[in-house]
Amino acid sequence: MSNKCKIEICANSVESAVKAQQGGAYRVELCAGIPEGGTTPSFGEIRMARQLLQQTKLHVIIRPRGGDFLYSAMEQEIMLHDIKVSRQLGADGVVFGCLTADGKVDMVAMKKLMNAVGDMSVTFHRAFDMCRNPQEALEQIIELGCDRILTSGQEATAEKGISLLKELVTLADDRIIIMPGCGVNPRNIRKIAEETNAYEFHFSGRTTAESDMLYRNPKVSMGGTVKIEEYKRDITCPDIVKAALAELTLKEENDKALEKKAKEAKSKAKKTKKDDDWDDDDDDDDLDNE
C-alpha cells in the first residue's frame, strides 16, 4: 500500500497500542475513558506507549472529562498542562476540540491550546460532529492550523455520514485531512474510501478478552448502579487492523488499474489523431500532384 492511505487506531490502553503496531497501524490515538468517548490517559500510559511504539506514531487525546466540549477556564488550563506533558514525553501529536455554547468552534480557547502544541501534529476530534455548521467549522479549523479533522460526517457512523464526508473532502481541497471515524471496520472501510476520497481512517479494531480472575464476587460492581463487564476487557486485534489495511490495498490497486487504463486510452486516442493528421497530409500531397 502507498504511504498516502493510513489507519489510526483508537487505543484504549498501551496493550492496544502495541497490538495496533503489530497490525501495521500508522498511528494510534491513546485514550482513557472510552465509554465516555475518550479522555486524557495518564502520564504513565503516555510514557510507556512512547517507549513501546517504534514504528507507529503516537497521538494523545486531550480531554479532561466526558460530556460536552464547552470547557471552563480551569478545564482549559488542565488541557494546557496535558499538552505540555504530551510534548515532554515525545508524543507525535495531540487530539482536542473546543466549542462555544452555541455550537461553534471556540476560536479563543483553540488558539490558546494551539500556541502550546509546538511542532506536534493536531487533530480536531469529533467535537466537530457537534458543530452547528460543519462547513463554517471546517474553514475555522483550517484557519487555526490543525492538520486533520476526525469526523463521522455528523451521523451516528461514518458509513451513514458518507455524503457530508465526501463534501468535506472536496471543500478541504487538500488544505486539511478529513479522517472518517466511528463504526469504520474492514467490511466498510473500502466503501467509505471509494465514496468519500478520504485516505486516513480511524477505528478501534477491538475484540473482547476474558479476565484471568478466578474468584469473582457477583454482588459488587465497580460501576455502582451502572452495569459494566468487569471480567471482560476490550483489546485491539492486530488481525482486524491487517484486514482493514488489506481492503485499502485492494482499493489502491483498483485505482492504479483504472488510472493505467485511462492513460492507455488517452495515448491510443492521441495516436489515432496523429495517424488521422498524417492521412490528411497525404491527401494534400495528392492534390498538389494533380
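Let's start with a pocket. The lining of the second largest pocket has five nonpolar, three polar and five charged residues. Keep in mind that this is a predicted model. The volume here is about 270 Å³. Which residues sit closest to the centre of the second largest pocket? Asn-12, Gly-33, Ile-34, Pro-35 and Asp-234, out of 13 lining residues.

Next, the largest pocket. Its space comes to about 420 Å³. The lining takes in 23 residues. Nearest the centre are Gly-37, Gly-38, Arg-126, Leu-150 and His-202. By class, the lining of the largest pocket splits into 10 nonpolar, seven polar and six charged residues.

Ser-13 first. Ser-13 lies between β1, residues 6-11, and α1, residues 14-23. Is Ser-13 buried or exposed? Its relative accessibility is 17%. The cut-off for buried is under 20%, so Ser-13 counts as buried. What does Ser-13 touch, leaving aside residues up to four places away in sequence? Leu-30, Cys-31 and Glu-45.

Then Asn-115. This residue is in the loop between α4, residues 107-114, and β5, residues 121-124. Asn-115 has a relative accessible area of 69%. Exposed means over 50%, so Asn-115 is exposed.

One distance to finish. Take Asn-115 and Glu-15. In sequence, they are 100 residues apart. In space, C-alpha to C-alpha, Asn-115 and Glu-15 are 31 Å apart.

Technical notes:
Residues are numbered from 1 along each chain as its sequence is written. This is a predicted model: local features need pLDDT of at least 70, side-chain atom pairs count only at pLDDT 80 or more; totals for chains, interfaces and linings use all residues. Side-chain values use heavy atoms; hydrogens and water are left out. Helices (H or I, at least four residues) and strands (E, at least two) are DSSP runs, numbered from the N terminus. Buried means under 20% relative accessible area, exposed over 50%, partly exposed in between (1.4 Å probe, protein chains only). Contact means heavy atoms within 4.5 Å. On a 1 Å grid over the protein atoms alone, a cavity is a set of points where a 1.4 Å probe fits but cannot get out, and a pocket is an open set with protein on both sides within 12 Å along at least five of seven lines; lining residues have an atom within 4 Å of a point. Grid points are joined across faces, edges and corners, and a volume is the space filled by probe spheres set on the points. Ala, Val, Leu, Ile, Met, Phe, Trp, Tyr, Cys and Pro count as nonpolar, Asp, Glu, Lys and Arg as charged, and the others, Gly among them, as polar.
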